[in-house]
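Let us walk through this structure together, one step at a time. Have the sequence and the 3D view ready.

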Amino acid sequence: MSGGNTNELLRAALNAGRVPSSSGRSTTRNSRKATPKSPRSVSASRDVSDAEDYDDDDASVASDDTWVINGAAEETTEEPIMESTENWQDALQTALDTLSEKRVGTRERGLATVAQIMAHIYVGEAMEGRKLASLESLKRCAKSAKSDVEGVLALRGIALWFINFGVDASANEYTETKVFLKALARDRHLSSHLRVMALAALGVASFVSGADYNDSAEVLKFVGDWFIHPDAPPDDDDENFEEDEEDDHDDELEPAPASVMRQALETYGLLMTVVVDANARVAEKMFDRAFDAHLEALAADSIEIRLAAAQNFALMHSELSRQDNSRFEFDRQEELVATLSAIKHQSSKRHGRRDTHAQRLAVRGVLQTIESGVPPELKLAFQGRSVRFAEWPRILRLHAFRAVLGGGINRHFVDNPLLGQVFEVVFDTGADDRGSSEARMVVSPNSSLAKARA
């Protein structure tokens, strides 16, 4: 495999659901160029801001600045596009068979095909017979990867496996994979690319297949102790969470690379949506330990780190306020609000106009939540259908699933029952509904997947 193709595969795997900015960082801002696709094609997702005026700081996040993730109109990542879904079962079977080949290039191409199919097609029912074998093949490739490309693709494949099969995963399948992913994430000898994808897969696996909120709390504690606040003193409740022997660290940990820290914060936020919904007291106590680290993250050079930390603050504030039926306040809320306000008004000279504007929009939504109790609104639009997200748990979960599924999130929303459980929506798939601008949705009277596990 040529160096150029290798780099393309690595970028595609790492940025499946992210939009690269002009400076190489991921952002929610995009260009307006659309690439029309045939009805059978599956394209990647994009965050679109409706605001054209970069300096307009008074517009409403919940209306004029609604973020739209358009899954069927535009290609936005370097992920290969599936031009046809015909014979996908044969193609997936053939690709899985190549994972045992000796040539690394052959395995990389096989893994790319596996990830592409599992991201764009819900395979959970049709491939039930190959479920365990496929997981073991992906773990074997990740464990003995001969290149970052192979390792990253295999780890993304594991995350996709849990989205397709994880609801019915056995305790052993989940537990063994969790231990495996933890080991990769904390291995400082591995590249940042591999550790980032290991953390992403760990978060998705725990969210989907964890037995209850205690499992999410245990993984959340691992992420906090190893990546977000490694220097925080031990907590009195630490003995309440079962841990692997390797989870303890006596030596002083080096600060995580920026990309790893960003992913750690995002995984932390995803799992906190489970814990705070099930046990607000435990969630608040755990976040107290991470508060200083999150505040420091707001001062990071990376915009992505700042936004991940800011969104975690918004999640905690909104959910603790909701459960207390009163406006929650952090102990150092004035300091937090002042820091967020400074970020919102930061000059564009350092990071560029578009990146700074994306940061301003996101931070404005966080401030609006903390100061007024009103979250921003996101809209997922595809194939004449749309879903609106106006609660922070749903917003953070959407970000996590989109980061793994990329453009395939549109098909999974319609075909994969897991997403219906997580986001509490069920699409009417009738033919008459395809052309409507706003899809008919049945909002489930049941709680989300996280609540069902509480």
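**A pocket and a pair of helices**

Helix H8 (213-228), helix H9 (258-278) and helix H10 (280-297) each give at least two residues to the lining of the second largest pocket. Helices here are DSSP runs of H or I with at least four residues, numbered from the N terminus. This is a predicted model, where local features need pLDDT of at least 70 and side-chain atom pairs count only at pLDDT 80 or more, while totals for chains, interfaces and linings use all residues. Residues are numbered from 1 along each chain as its sequence is written, and side-chain values use heavy atoms, leaving out hydrogens and water.

H10 supplies the largest share of that lining, five residues. What kinds of residues make up the lining of the second largest pocket? They divide into 15 nonpolar, two polar and nine charged. Here Ala, Val, Leu, Ile, Met, Phe, Trp, Tyr, Cys and Pro count as nonpolar, Asp, Glu, Lys and Arg as charged, and the others, Gly among them, as polar.

Now follow H9 to another partner. The axes of H9 and helix H11 (residues 303-324) come within 8 Å and cross at roughly 10°; axes are lines fitted to C-alpha atoms, for helices over the stretch in contact, with angles from 0 to 180 degrees between N-to-C directions. H9 and H11 are therefore roughly parallel to each other (angles under 35 degrees count as such). The residues of their contact (heavy atoms within 4.5 Å) divide into 12 nonpolar, four polar and six charged.

Finally, consider confidence. The chain has a mean pLDDT of 79, and 69% of its residues reach 70 or more; pLDDT is the predictor's confidence in each residue, from 0 to 100.

How values were computed
Angles under 35 degrees count as roughly parallel, over 145 as roughly antiparallel, 65 to 115 as roughly perpendicular and the rest as oblique.
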